[in-house]
Each structure stands twice: as C-alpha cells, then as structure tokens.
Amino acid sequence: MKELDLLKKDWKKNTASFEQVSENEIYKMIHKRSSSIVKWIFIISVIELGLGLVLGLMISFTKYDQKNIELIKSLGIYGYYIATSVFLYAVIFFFIYKFYSMYRKIAVDDSTKQLLSTILKTRTVVKQYIAFNLTSFAVLFIIFGGYMFYEGYIQGAAKNGAIHPEMPMNIALISMVVLILATAFLTCAFWLVYKLIYGILLKRLQNNYEELKKIDL
Amino acid sequence: MSENLEPSFVKQLQENQNIIHKICRLYTSGEDAHKDLFQEITIQLWKAFPKFRGESKFSTWAYRVALNTAITLYRKSKRSIATVEYEGRQHFTHDIEYNYEEEEQLKLMYKAVYQLNDIEKALVFMYLEDKDYTEISETLGISEVNARVKMNRIKGKLKKILNPLGV
C-alpha cells in the first residue's frame with residue numbers, strides 16, 4: 001500500500017519535531033498522581049467491598065438486631081442464625097481476598113490482552129460479590145418478610161377473637177407471590193442500574209478486549 | 001520507591017521520550033490531551049520501573065507500557081474524543097521540492113488512521129515503527145500469524161476509508 005509507505009516515511013521524518021520534555025519536568029511528573037482507570041476501579045471496588053462489610057457490622061450493632069436475636073432465640077433457630085452469619089462473613093472475606101490477589105496481578109508491562117483480561121477479571125470478582133450480596137439480601141428479605149407478615153396476620157386474627165388463628169391458603173399463596181415478585185423486581189432494578197454504571201466504566205476496556213479476542217479467533 | 005532509581009529512570013526516559021510522544025500523537029488530539037497522556041504514561045512507566053530488570057531494552061519495555069497505558073489505563077477526557085481532526089500538521093517538515101499531491105495524500109492518510117480503533121492504531125503504530133511481527137504479537141498478546149492477517153485487513157480498511165467507492 002503506497003499511502004502507508006508514504007505515511008511511514010513522513011512518520012520517521014517527523015520524529016525529531018516533538019517539543020522535548022526536560023529531565024526536570026520528568027522529575028516533577030513522576031511525583032504526580034496517576035489518574036488511570038485502574039486506580040478508579042480500585043477505589044470503586046474497595047468502596048463496594050467495604051459497603052457490604054460495614055452494613056453487616058452496623059446492623060449487628062443496632063438495637064434492632066438485638067431484638068431480632070431475642071426473637072430468633074425464642075424461635076430456637078439461633079444456631080442457624082450464627083451459622084448463616086459466619087458463612088456470610090466467610091464469603092465476604094473470601095471475595096476481598098480474591099479481589100486483592102487479582103488486583104495484585106495487574107501488571108502494566110504484561111501483553112495488552114493479558115492486562116485487559118486481568119483488569120476485567122478483577123472487576124468480575126466485585127460483580128460476583130455484588131450479585132452474591134443481592135441474592136442473599138433477596139432471600140433473607142423474602143424469608144423474613146414472609147415470616148413477619150404471617151405473624152402479623154395471626155396476631156391480628158387473635159385480636160379479632162379467633163381461637164385458633166390460621167392463615168387461609170389463598171392469602172398465604174398470594175402474599176408469598178407478591179412478596180417474591182416485589183423483591184425480584186427491586187433486585188433486578190438495582191442490578192440493572194449497577195450493570196449500567198459498570199458498563200460505562202468498562203466499556204472501552206471491554207471493546208478493546210473483544211477486538212483482541214476477535215483477531216485470534 | 002527507591003530514591004536512587006530516579007536519576008537512571010529520568011535519564012533513560014528523557015532519551016526515549018519520542019516513543020511516548022508518538023503514541024500520544026496517535027491516541028490524542030490537541031496539546032492538552034497530549035500532555036495529559038504523556039504524564040500518565042510517565043507515571044505508569046515509573047511505577048513499573050522497579051520491575052524492569054533490563055532483560056530487554058528500555059525502549060522495548062517502554063513501548064509496551066506506553067501502549068498499554070494509551071489503550072487500557074488512560075481515561076479519555078471528553079475534550080480529546082470530540083475532535084478527531086489531526087492538529088499536528090504544523091509539525092510537518094517539508095522537503096525542498098514541495099509536493100502538493102503527496103502532502104494532500106498524507107493529510108488524508110493521517111485522518112484515516114485516526115478513524116481506526118485503539119487496537120488497530122496500536123498495530124499501525126508498531127508497523128510504522130518497523131517492529132517485526134514477533135514483537136507486535138508479544139506486545140498485544142495475539143498470535144504472530146493473526147497479527148499479520150489483521151495488519152493486512154487494516155490496510156484494506158484504510159484503503160476503503162481513503163477511497164470509499166473503490167474506484
């Protein structure tokens with residue numbers, strides 16, 4: 001392609017025409033802060049990982065939780081409660097560890113494809129973490145919400161003078177379906193917004209990664 | 001970061017800075033964006049420098065880090081995406097015998113290269129720098145054969161941009 005050869009000739013001829021940066025300026029530059037996307041990804045990820053942890057800790061220190069514990073104890077499922085909490089925290093710490101070890105693998109002198117893949121995998125860890133949090137939140141919400149509704153209904157019926165208060169099957173079914181649908185809707189809405197933000201942040205990286213993958217197909 | 005690495009790094013970077021300038025020229029437009037990317041590449045090179053053990057030449061290593069920064073780490077400001085027009089024309093050096101047709105062709109060619117995506121630009125950049133396909137494939141992380149195939153496709157794409165009707 002003769003145009004490309006022409007370009008090459010010009011490209012080489014023009015090498016000397018750049019305004020040269022002095023050593024002094026380079027010294028100054030290396031003490032400035034990076035504004036790279038990886039730095040942003042790190043900050044955002046730490047906030048996301050931290051949020052789950054802080055939220056969990058905050059809830060367990062509130063009175064609200066104390067009341068719950070009494071309720072849970074009276075129901076005789078305290079053992080399950082502790083086991084679930086331990087499990088949840090173990091999963092959270094597992095994600096934090098996985099994120100950290102992936103993040104350490106990001107090396108700017110890897111090949112471009114490797115670098116892009118590591119960055120995207122690091123974000124995938126955080127994405128999975130958010131998905132896990134959302135799912136466990138949704139499940140707990142449905143179980144807990146369902147239970148509260150049931151208790152409320154029974155107590156209401158008792159107040160109205162029922163001797164053996166029971167929830168009719170149709171009400172139980174309908175309320176369960178409504179609860180599940182509402183939770184699913186909220187969870188999906190949150191997930192969509194999250195994916196959108198996530199998409200904006202990583203669009204360019206993903207495009208370039210796809211492009212490189214396509215070359216090797 | 002170890003203090004005694006600084007002088008050696010700054011010296012080598014100063015000597016090899018044209019590599020960075022050329023990448024900035026390809027991936028940004030406008031002076032501000034050029035400076036911005038130059039600074040980010042310098043920072044990334046400095047951060048990675050302790051790991052550089054001199055197994056390859058400083059310039060080879062710098063090519064890779066600089067390209068990676070331009071392709072993956074650099075966040076384009078809106079300003080730099082908005083204008084695609086090549087603004088570096090004032091840097092053109094002219095031969096004594098001024099060739100109007102060639103000048104015109106070059107202008108179109110630069111414009112066409114600007115329309116390529118990040119990865120295609122990287123390939124063109126290394127091609128213009130006379131890098132062999134082994135280095136191109138290692139830098140990008142693709143196979144050598146496919147790097148060749150892709151480069152040929154890019155040539156075709158550039159031809160199409162220059163001559164959309166195929167006349």
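This is a predicted model: local features need pLDDT of at least 70, side-chain atom pairs count only at pLDDT 80 or more; totals for chains, interfaces and linings use all residues.

**Starting from one residue**

I began with A:Ile143 and counted 11 C-beta neighbours inside 10 Å, so A:Ile143 goes down as exposed. The cut-off for exposed is 12 or fewer. I placed A:Ile143 in helix H6 of chain A, which covers residues 112-159. Then I checked A:Ile143 against A:Leu179: they sit 36 residues apart in sequence, and their C-alpha atoms are 9.5 Å apart in space.

**Where A meets B**

Next I looked at the contact between the chains. I get 41 residues from chain A and 49 residues from chain B. Which elements of chain A supply at least two residues each to the side that touches chain B? My list reads helix H1 (2-13), helix H2 (23-30), helix H3 (37-61), H6 and helix H7 (169-215). H1(A) gives the most, with eight residues.

**Chain B, overall**

I turned to chain B and found eight helices and zero strands. Read from the N terminus, the order of elements is α-α-α-α-α-α-α-α. Chain B has 167 residues, and I count 38% of them as buried. I also looked at contacts in chain B between residues at least 6 apart in sequence: 70% of those join residues at least 24 apart.

**Two domains in B**

Chain B is divided into domain 1 (1-87) and domain 2 (98-167). How many residues of each are in contact with the other? I found nine from domain 1 and eight from domain 2. On the domain 1 side, helix H1 (5-27) and helix H3 (58-73) of chain B each supply at least two residues. H3(B) gives the most to that side, with four residues. The domain 1 side comes out as eight nonpolar, no polar and one charged.

**Cores**

The largest nonpolar core here has 58 residues. Those with the most contacts inside it are B:Ile23, B:Leu37, B:Ala66, B:Ala70 and B:Ala122.

Leaving out residues up to four places away in sequence, B:Leu37 touches B:Cys24, B:Tyr27, B:Thr28, B:Ala70 and B:Tyr74. A second, separate core has seven residues, among them A:Leu49, A:Phe99, A:Tyr103 and A:Val126.

**A helix pair in B**

Last stop: helix H7 (residues 133-140) and helix H8 (residues 144-162) of chain B. Their axes come within 8 Å and cross at roughly 100 degrees. I therefore wrote down H7(B) and H8(B) as roughly perpendicular to each other, since 65 to 115 degrees counts as that.

Which residues meet where H7(B) and H8(B) touch? From H7(B) I noted B:Tyr133, B:Thr134, B:Ile136, B:Ser137 and B:Leu140. From H8(B) I noted B:Glu144, B:Ala147 and B:Arg148. The residues of this contact divide into four nonpolar, two polar and two charged.

Technical notes:
Residues are numbered from 1 along each chain as its sequence is written. Chains are lettered from A and ligands numbered from 1 in the order in which they are written. A residue is buried if 20 or more other C-beta atoms lie within 10 Å of its own, exposed if 12 or fewer, and partly exposed in between; C-beta atoms are placed from the backbone. Two residues are in contact if their C-beta atoms, placed from the backbone, lie within 7 Å. A nonpolar core is a set of buried Ala, Val, Leu, Ile, Met, Phe, Trp, Tyr and Cys residues joined through C-beta atoms within 7 Å. Axes are lines fitted to C-alpha atoms, for helices over the stretch in contact, and angles run from 0 to 180 degrees between N-to-C directions. Angles under 35 degrees count as roughly parallel, over 145 as roughly antiparallel, 65 to 115 as roughly perpendicular and the rest as oblique. Ala, Val, Leu, Ile, Met, Phe, Trp, Tyr, Cys and Pro count as nonpolar, Asp, Glu, Lys and Arg as charged, and the others, Gly among them, as polar. Domain bounds come from an automatic or database domain assignment.
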